[in-house]
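Hi everyone, thanks for coming. Let me put the structure up on the screen, and then we'll walk through a few parts of it together.

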Amino acid sequence: MARVVLTPPFGTRFFGGRDHLDIDAGNVFALVRALDGLAPGFADEAGSRAAIAVNGTAITAWDTRLNADSEVLFVLRIAGG
Amino acid sequence: MNAPENPSRFRIVGTRPVRPDGIDKVTGKAIYSPDFAAPGMIHGAILRSPHAHARIRGINTRKAEALPGVKAVITGRDFPTVESLEVSLGEGSGNILHTSRNCMALEKALYHGHAVAAVAATSEAIARAALALIEVDYEVLPHVITVAEAQAPGAPIIHDTVFTSGLDETPITPSNTSSRFVIADGDPDAALAASAVVVEASFSTQPVHQCYIEPHGCVASFNADGQAQIWASSQGAFMIRDLTASILGLRQADIRVTPLEIGGGFGGKTTVYLEPVAMLLSRKAGRPVRIMMTRDEVFRASGPAPGTEATVRIGAAADGTLTGAIIEFTSRGGAFPGADVHPSAMHALAHYRVPARRVTGWEVVTNTASTAAYRAPGAPQTVFPVECCMDELATRLGMDPIELRLKNAVRPGDKGLNHLPLGAVGFVECLEAAKAHPHYTAPLGPNQGRGIAGGSWANYGGPSTVELSVADDGSVLVVTGSPDIGGSRASMAMMAAETLGLPYEAVRVTIADTSSIGVSMATAGSRTTFATGRAVVDAAKEVIAALRDRAANIWGAAPSGVEWRDGAAHCLTGDNAGQSLSIAQIAGRAGQFSGQVSSVVSVTSPDYLPGFAVHICDTELDPETGHLRVVRYTAVQDVGRAIHPDYVEGQLQGGSAQGIGWALSEAYSFNSAGEVENAGFLDYRMPVCSDLPMIDTVMVEVPNPGHPYGVKGVGEVPIVPPLAAVAIAASHAAGVPLRHLPLSPDKVYAALQSRN
């Protein structure tokens, strides 16, 4: 199971304040689908506002593969000027 | 200047060639938004609310429509219904319904200057005359301008649909407090209780405008077949296209946006105000429509940075090691939610190791123009109080302020604001460079004080697309979709020429329209030299591979036996060993191959790195008037690697100047009706050259290993430290803490009187 780390506001807004979850998923797409199943609306929010890192490395491709010991971090994207 | 003079192995990167767009810009040939005209074009003007908060009971446009020369009149009812939806705007996001309503009010006008109707006519004078004929039936509502007013019991609620987000329990009543954002690590209460020294203080900053010299402007043209064009000055033509399409329900491919030159943006041109309005007018009138904001409209109706009120508690052990911090701040968001609360919270302490922290940010909506991004959005407002407290900590501990910062500075491998380990960041190097700079130890004169402050900005990568092609004569064309705000034509040409081994002048760069090149995110987030530059280098490498392959074919050699060097292919093996073919000799034989050599590369680069800066400021106080003057200023910054040092230094100087204005003189003045009283450069006091000393720059180069030439974003960090650097210097000069910006003479004089 991949370990999902949820930083504010994703944990509070969608998962009752939890800061991590364990989800079985083959890639980030599947992971986000699974999370959206648990908390409808999460997929849209992640698509528009989240930056994602897998195992400590920022990724942009949601087809990035996950395995049982992957750690996936969701953090708010920072807008710039 | 203390720029390294191209100390590296590069031929072109790090040099200072003349910018390719320079002649057009200094001779007036460059086409900015007021310069552009389309055949058959007519002129638009916008009617704006004379009330800070009012319900629109009805709008009668018949008299305006009857005025000779008027071709179209629209109101909010002409806008399609869009649902409240958070959409991706590249690196950030926004609610498309709010963006639409900010372009034109529907049920309520939410600030003085909010658009309520628009006219297109055969002349601007007729359009403005027609505005006076539009009758709007307003029900004037009580308004709120400040955070205190907006949060007062019984305050008028601006939006019935806004409920405070980010609370532990979902509220059931709407509120002007639109969101809460919390970052917490460890137990900061216990950490502060156990600290040897704790500094606690309250601070405030005011909303300030980006003050780009060129007002917002565009021309829109809608065709009967549904295809449309926009010519606009903005930070992102694709952003203009996508937002206009979303607001008006059009297909993105049906809108072609041509970027015009941009006379400054600083974040304020990363959204739309006029384009959907001009497009609706054009659709109704059947003619292209130009709308230009006046300076007055820019101040009243385009977004400033939010002002912030903050309370900081920060503690340290006796040796100066930070132990914990608790920060709570409230940002004034303007008419619609979306102020920069989370980047404010995330950047407040991002440059220090603080083992226990709790940063709580609140956003409050008010009857003022909706805020917009401004250079490092949100960071200056929270780094200002933190850095002021760091200075007070240093005083209390008897430590040198740079030594205190060095003791606590983040280093590579520390957890960054995105929870990932920091890469090759150079905050320590900046602090060391500041400490070694002659400015830091120079004697001060009477009534002078010195301040030092640091700060960081996350920077960004994002998508960029580049096409690079080789003409038959061997010259090179680079096409990008990134508007050139800070000299990116030059830096793109330099990186392409460096990679290809060609002279700088052999490469020309074009900024294309949205139908001529793939997507590039806006020139924002300090991303263009990093991300678009990476696409340029990747495209150049693909072209080199193709040129080597062609040379190998011409020689009958294996491609592995051909080396690319100094803009030419060199044969290393076989009968032709020792021969070379220039890029022109290969490109001129395009007809013998599959056509011109070219490459299109799209990248989305996640390996950007944050930038760090340290500024030193000396101020001089006139104790009889409270007037403060900056007499010496030095900006030190980790720039990764400066592709064109002139432009990097310009970013450091420009950001510093804007930050100094924020600290000393810039603020909106509202009257009791909620109307901006200083909507012009005579009364809104941004600094001019005579207000500032020469701003010295020190470019510290800690290259980013994630970029072929080591680039880091440089455009935003320089506005982060100045607020604190100036305020600390002023506080030392005055002998009393000055914590509420701007430090206008009346405020400083009052503080001097209270001290005495």
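Let's start in chain B, where strand E11 (residues 217–222) and E14(B) run antiparallel and are joined by four bridges. Strands count as paired if DSSP finds at least two bridges between them. Strands (E, at least two residues) and helices (H or I, at least four) are DSSP runs, numbered from the N terminus. In this pair, Cys218(B) stands opposite Ile291(B) of E14(B).

A word on what you see: this is a predicted model, where local features need pLDDT of at least 70 and side-chain atom pairs count only at pLDDT 80 or more, while totals for chains, interfaces and linings use all residues. Residues are numbered from 1 along each chain as its sequence is written, and chains are lettered from A and ligands numbered from 1 in the order in which they are written.

Back to E14(B), residues 289–292: in which sense does strand E1 (residues 42–48) of chain B pair with it? The sense is parallel, over two bridges. There, His43(B) stands opposite Arg290(B).

Now, where do the chains meet? The contact takes 23 residues from chain A and 35 residues from chain B; residues are in contact if their C-beta atoms, placed from the backbone, lie within 7 Å. On the chain B side, the elements giving two or more residues are strands E4 (86–89), E5 (92–95) and E9 (177–185), plus helix H10 (341–347).

Finally, chain A: Val32(A), Arg33(A), Leu35(A) and Asp36(A) in H2(A) meet Phe42(A), Ala43(A) and Ala46(A) in H3(A).

Methods. Two residues are in contact if their C-beta atoms, placed from the backbone, lie within 7 Å.
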